[in-house]
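Subject: Structure handover

Hello,

Please find the structure below. My notes on it follow.

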Amino acid sequence: MLSSLQSHEEEEEPTTNPTTTSFIPTTPSQFLIPTSASPRQILMRCAELMHHGDRPMALRIASFLISAVSPIGDSSDRVVYHFAQALTRLIESSNSASSPSTSMNKCGTQLVQPSYLAFNQITPFLRFAHLTANQAILEAIDGHRGVHIIDMDTAHGFQWPPLLQAIAVHGYRGDGSPPSVRITGAGTDVNALRRTADRLHAFARSLGLPFQFNPLYLHSYNLGSSLMQLHQSSSLTEKGEVLIVNCVLFLHKLLYGDRDERQLHDFLSTVRDMGPAVVTIAERELGVASAPQDFFRVFSESLEYYTAIFEALEATVQPNSVERREVEERWLGEEIKESLVPAGGTRGAGGMRFERWDVIMRENGFTPRRLSEYSLSQARLLLRLHYPSEGYQLHVSKEGLFLGWQARALFSVSSWQ
């Protein structure tokens, strides 16, 4: 069956042994698939065809893989299946002249929320990011009468109940009263922001904590403009407040449609001018294509990245888990699809590795705040209590705290001033 997928140009004399497992051809005529190739090797051939512009053949191979591997098989099969799905959607969207954002971003609120909840439950990544960022925020609040947190991607607000509880229990001022908490929560879904506001207000009342939540609507194609308006307003900080800007899984979104990173630099310049005590950043350790010619490199890195995540799920979650399938299909599947869109396209779920974020933050006038030993201790406790597996690894490097699977770093958290 595999031999039927050989390129329509195989009549030409191939310049390489067709049974080779080296998949870095120089011309389309070398795209021959050996009958002994594994699904992963076939997937790499498909990506090479995309890289060289042979979309019809790439679509044939991707369609074959979707039918040949199982979305409920082992981790290797599942990751190949979702990448083949991603390539199919990417090719079909380009053939129909629709933007990747229109054809790929199908997860409405009703689909995203269950998968987001499940991802937060069965993997440590979001909880690690929230916990570590919250600890940096708590340390910045110490001694202040109040805190104003500008949260650039509030989503469902899962980050904030643990922080509110910690402030209510430990964050007392000299007069014995807790500091006031004001959160400006940003997002592109007004209704979701309102629901989040209601939940957080109710939770803060149960703690007896002075609390305000102000929604900040972000236009999906100009994510930094609302922040600039907030900077110009008189409500940025009140007397005795400390200002925090929280960017958990947000900065990479400023790369959408922006090959020269101008939107990102403009945003960081605005943040710097606001004078926050702390800027917290959490991002995936995953690159993004800056141009179509980077496609094969970024595809390879994305495949390596999500292979590690699927292996982690394979090792730590029951194989018949409904939650795992929900996460892989609705959450990780969408991430994979968007990770393959160049930054100059309309969407892209990739980003940059910490080394690049480090350079960009310093270029924009920020200096790193070393995360405390307590942050590392809390992250270790999180893994030990809720995700007990030797596969999850923590390490500190260049002022960032990293969580990964085996030797592959997957998420980083850092704090800046």
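**Helices α6 and α7**

The crossing of α6 and α7 is right-handed, a term used when the near helix is turned clockwise from the far one by less than a right angle, anticlockwise being left-handed. The contact is formed by Asn134, Ile137, Leu138 and Ile141 on the α6 side and by Trp160, Pro162, Leu163, Ala166 and Ile167 on the α7 side; contact here means heavy atoms within 4.5 Å. Sorted by class, these residues are eight nonpolar, one polar and none charged. Nonpolar covers Ala, Val, Leu, Ile, Met, Phe, Trp, Tyr, Cys and Pro, charged covers Asp, Glu, Lys and Arg, and the others, Gly among them, are polar. Helix α6 spans residues 125-141 and α7 spans residues 160-170. Their axes come within 10 Å and cross at roughly 30°; axes are lines fitted to C-alpha atoms, for helices over the stretch in contact, with angles from 0 to 180 degrees between N-to-C directions.

**About the model**

This is a predicted model, in which local features need pLDDT of at least 70 and side-chain atom pairs count only at pLDDT 80 or more, while totals for chains, interfaces and linings use all residues. Residues are numbered from 1 along each chain as its sequence is written, and side-chain values use heavy atoms, leaving out hydrogens and water.

The protein chain has 14 helices and nine strands, taken as DSSP runs numbered from the N terminus (helices H or I, at least four residues; strands E, at least two). Of its 417 residues, 55% are buried, that is, under 20% relative accessible area, with exposed over 50% and partly exposed in between (1.4 Å probe, protein chains only). Among contacts between residues at least 6 apart in sequence, 75% join residues at least 24 apart.

**The second largest pocket**

Which helices each supply at least two residues of the lining of the second largest pocket? They are α6, α7 and α14 (373-386). The pocket holds about 560 Å³ of space. Of the 20 residues that line it, the closest to its centre are Leu131, Asn134, Pro162, Leu163 and Gln378. The lining divides into 10 nonpolar, nine polar and one charged. A pocket is an open set of points on a 1 Å grid over the protein atoms alone, where a 1.4 Å probe fits, with protein on both sides within 12 Å along at least five of seven lines; lining residues have an atom within 4 Å of a point. The volume is the space filled by probe spheres set on the points, which are joined across faces, edges and corners.

**Single residues**

- Threonine 280 is in strand β5 (residues 278-284) and is buried, at 0% relative accessibility. Beyond four places in sequence, its contacts include Ala133, Ala136 and Ile137.
- Glutamate 301, in helix α11 (residues 295-316), is buried at 13%. Leaving aside neighbours within four places in sequence, glutamate 301 is in contact with Glu285, Leu286, Gly287, Arg353 and Arg408.
- Alanine 155 is not a glycine, but has a positive phi of about 50°. It sits in the loop between β1 (146-151) and α7 and is partly exposed at 30%.
- Leucine 249 also has a positive phi, near 55°. It lies in the loop between β4 (241-248) and α10 (262-274) and is buried at 11%.

Regards
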